[in-house]
Amino acid sequence: MFARWISPGSVRLTLLLWLLTVSVTLGSASELKVRVRLADGQITDELLEADSERDSITVEFKQGDGTLITFVADFKQDVKIFRALILGELERGQSQYQALCFITRLNHNEIIPSESMARLRQKNPQAIRTAEEKRSTEMLSMNVAVNLTRTWQLSAHIHNMCSVAREAVYTREADVRHWLDRGVEGSMFEPQAVEVPGLQSCGTVKDLWQPCSCSYNLRLEWYPCLLKYCRNRDVSGRGSPYKCGIKSCSKGYQFTYYVPHKQLCLWEEET
């Protein structure tokens, strides 16, 4: 009796979200679910997975507007991947969803190691988490497009994560130089005109079919960023450090990149 309330489009989108989650999380991973308060005050269920065999961590949650955010840290390759699956505005001619993928270098001490994440447990699963430290927003000019056919050289996770984004996969010129020095093939990278004189921000462009510079903002509201150490003291007063917990962080990212027409960046009208 309820079938008439569910459109075929919404069923397909729900199935797509499930398939994308499965494609990222398959493997021998330990899983932790936490309740997190978003910046707008809404509560979301966040999934954290640690795969010790592949030495990677996945963080995934849904924003208040329905956008599915997935973050993968690949420690083997020192690569981090962000994917945003944004619900489209059908009444404005967009498809059911719009996928974006951003790839950058993973720096040391950005997030705890996968083996430490795999051991995490929570005493109160119903508790609502807020980060202990709110880190500043990182501004990233994603001025290079990435061809997915050869991304296995960068990380085995990229194809599963970003294949749905097709031509909306980006990285930075500084990261490209680092990867080229490591022997990665340069043919997978194509420079983009993000900072060309005369290229306007999509927020100021009126024509929906004009090229422009688009910015997309996301925030990882809660993730384990550092290990905490305590000290045991023996009878002589000497102390030996041991791991006694984690520190949680929140960090924002602003990605700026070229789009061939403003229709692919309608959220800038709302900022």
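A disulfide joins cysteine 101 to cysteine 162, with an S to S distance of 2.1 Å. The model described here is predicted. The torsion about the S-S bond of cysteine 101 and cysteine 162 is about -80°, so this disulfide is left-handed. Cysteine 101 lies in strand E6 and cysteine 162 in helix H3, so the bond ties together parts that are 61 residues apart in sequence. Cysteine 101 is buried, with a relative accessible area of 0%, and cysteine 162 is likewise buried, at 0%.

The structure holds four disulfides. One of them joins cysteine 202 to cysteine 212, with an S to S distance of 2.0 Å. Its torsion about the S-S bond is about 90°, so the disulfide is right-handed. Cysteine 202 is located in the loop between strand E11 (189-191) and E12, and cysteine 212 in strand E12, 10 residues apart. Relative accessible area is 0% for cysteine 202, which is buried, and cysteine 212 also counts as buried at 0%.

A further disulfide connects cysteine 225 and cysteine 249, again with the S to S distance at 2.0 Å. Here the torsion about the S-S bond is about 60°, so the disulfide is right-handed. The bond links strand E12, which holds cysteine 225, to strand E13, which holds cysteine 249, across 24 residues. Both cysteine 225 and cysteine 249 are buried.

Strands E12 and E13 also belong to an open sheet of three strands, ordered E8-E13-E12, with mixed pairing. Strand E8 (133-141) and strand E12 (212-233) stand at the edges with a single partner strand each, so one side of each has no neighbour in the sheet. On average, neighbouring strands of the sheet are turned by 20° against each other, direction ignored. Strands E8 and E13 pair in the parallel sense over seven bridges. Lysine 134 stands opposite serine 250 in E13.

Aromatic side chains were examined next. The count comes to 10 aromatic pairs. In one of these, the ring centres of phenylalanine 102 and tyrosine 170 are 6.0 Å apart and the planes are at 25°, so the pair is stacked. Phenylalanine 102 lies in strand E6 (residues 97-105) and tyrosine 170 in strand E10 (residues 169-171), so the contact ties together parts 68 residues apart in sequence. Phenylalanine 102 and tyrosine 170 are both buried. Phenylalanine 102 is also paired with phenylalanine 255; their ring centres are 4.1 Å apart and their planes at 0°, so this pair too is stacked. Phenylalanine 255 belongs to strand E13 (residues 239-259), 153 residues from phenylalanine 102 in strand E6. Phenylalanine 255 is buried, as is phenylalanine 102.

Lysine 251 lies over the face of tyrosine 253, at 5.4 Å from the ring centre.

Two non-glycine residues with positive phi were noted in loops. Aspartate 55 has a phi near 55° and is found in the loop between strand E2 (43-51) and strand E3 (56-62). At 22% relative accessibility, aspartate 55 counts as partly exposed, since the buried class ends under 20%. For arginine 166, phi is about 55°. Arginine 166 occupies the loop between helix H3 (157-162) and E10, and it is exposed, with a relative accessible area of 61%.

Technical notes
Residues numbered from 1 in each chain as written. Predicted model: local features only at pLDDT ≥ 70, side-chain atom pairs only at ≥ 80, totals over all residues. Heavy atoms only, no water. Phe/Tyr/Trp six-rings, centres within 6.5 Å; stacked < 30°, edge-to-face > 60°. Helix = DSSP H or I, 4+ residues; strand = E, 2+ residues; numbered from the N terminus. Buried < 20%, exposed > 50% of the residue type's maximum accessible area, 1.4 Å probe, protein only. Lys NZ or Arg CZ within 6 Å of the ring centre and 35° of its normal. Pairing = 2+ DSSP bridges. Axes fitted to C-alpha atoms, helices over the stretch in contact; angles between N-to-C directions. Disulfide = S-S within 2.5 Å.
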